[in-house]
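Hi,

Here is the structure I promised to pass on to you. Have a look at it first, and then read on for what I found in it.

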Amino acid sequence: KFMNTLFGDLAKNHCKGDSFYGDSASGQTVMADYIKAKMLWNPHADAEAIQRDWLNRAYGPQAGAIMEQFYNKMDESWFSDYFRGPDSTWHNVSEAFYRQTYGVHYQEMEKLILQAAAQPMTEVQKERFTQIISNNMRLLQFRLRQAGYLPENYSSPFTINTQQAFQMLPASVYSRIRYGAGV
């Protein structure tokens with residue numbers, strides 16, 4: 001909805017062009033970057049339809065429909081509740097955000113992700129789902145457990161240990177942690 005409003009306003013005000021940058025964490029932002037690129041080509045396009053098309057192509061129609069529910073809940077409820085609340089840090093991710101958004105809603109998020117993962121997908125779609133979604137859920141759950149935002153003994157198909165978590169981190173993040181620079 002935000003993208004429809006933003007690009008609609010840009011077109012209405014005769015904006016001649018704009019530039020958006022992708023994110024270096026492309027596994028996190030690949031869908032959003034795709035929507036932005038499509039909207040730059042046609043600012044009157046429907047961002048929600050573009051998202052739906054991307055999800056269906058990326059994960060197949062059944063998993064795509066479940067992932068659409070996931071992203072709608074994330075945008076219209078989970079994230080919105082936090083960003084409208086008194087602890088909001090605007091676009092910055094904070095411990096309050098992890099605790100109040102991911103910690104509170106993680107189990108519901110995981111349920112939807114597991115439902116989507118169980119749907120029929122091609123091998124390429126399944127690999128993409130694992131690389132983009134399942135691995136992010138593994139690292140998110142690990143972080144939430146370490147911070148105490150999930151029960152310490154919480155276990156699911158996404159549960160990993162410390163060694164597995166560090167093996168999943170990109171080398172650049174691992175070296176910053178190893179040499180004390182933080183993340």
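This is a predicted model: local features need pLDDT of at least 70, side-chain atom pairs count only at pLDDT 80 or more; totals for chains, interfaces and linings use all residues.

Residues are numbered from 1 along each chain as its sequence is written, and side-chain values use heavy atoms, with hydrogens and water left out.

**The overall picture**

The chain has eight helices and zero strands, so the pattern read along the sequence is α-α-α-α-α-α-α-α. Helices here are DSSP runs of H or I with at least four residues, strands are runs of E with at least two, and both are numbered from the N terminus. Of the 183 residues in the chain, 35% are buried; buried means under 20% relative accessible area, exposed means over 50%, and partly exposed is in between, with a 1.4 Å probe and protein chains only. Among contacts with a separation of 6 or more, 53% are between residues 24 or more positions apart, where contact means heavy atoms within 4.5 Å.

**Helix H6**

H6 covers residues 123–147. Its 25 residues should span 36 Å at 1.5 Å a residue, and its end C-alpha atoms are 35 Å apart, which agrees. The expected span is 1.5 Å times one less than the number of residues. H6 also bends by about 40° at Thr-130; the bend is the angle between axes fitted to the seven residues ending at a residue and the seven starting there.

The buried residues of H6 include Phe-129, Ile-133, Met-137, Leu-140 and Leu-144. Ser-134 is buried at 6% relative accessible area, and beyond residues up to four places away in sequence it touches Phe-129 and Phe-158. Asn-135 is buried too, at 17%; leaving aside neighbours within four places, Asn-135 is in contact with Thr-130 and Met-168.

How far apart are the end C-alpha atoms of H5? H5 (residues 95–117) has 23 residues, but its ends are only 28 Å apart, short of the 33 Å that a straight helix would reach. H5 bends by about 60° at Tyr-106.

Two packed helices are described by the angle between their axes and the distance between the axes. The axes are lines fitted to C-alpha atoms, for helices over the stretch in contact, and the angles run from 0 to 180 degrees between N-to-C directions. Angles under 35 degrees count as roughly parallel, over 145 as roughly antiparallel, 65 to 115 as roughly perpendicular and the rest as oblique.

H5 packs on H6 at about 140°, with the axes 10 Å apart. That makes H5 oblique to H6. The H5 residues that meet H6 include Tyr-102, Tyr-106 and Met-109, and those of H6 include Phe-129, Ile-133 and Met-137.

On H4 (residues 61–83), the axis comes within 10 Å of that of H5 and crosses it at roughly 165°, so H4 and H5 are roughly antiparallel. Among the residues making this contact are Phe-70, Trp-78 and Phe-79 of H4, with Tyr-102, His-105 and Met-109 of H5.

Is Gln-51 buried or exposed? Gln-51, in H3 (residues 47–59), is buried, with a relative accessible area of 11%. Beyond its neighbours within four places in sequence, Gln-51 is in contact with Met-31, Ile-35, Glu-68, Tyr-71 and Asn-72. The C-alpha atoms of Gln-51 and Ile-35 are separated by 6.5 Å, although the two are 16 residues apart along the chain.

Finally, Pro-43 lies in the loop between H2 (26–41) and H3, and counts as partly exposed at 25% relative accessibility. Pro-43 and Lys-12 are 31 residues apart in sequence and 9.5 Å apart in space, C-alpha to C-alpha.

Best wishes
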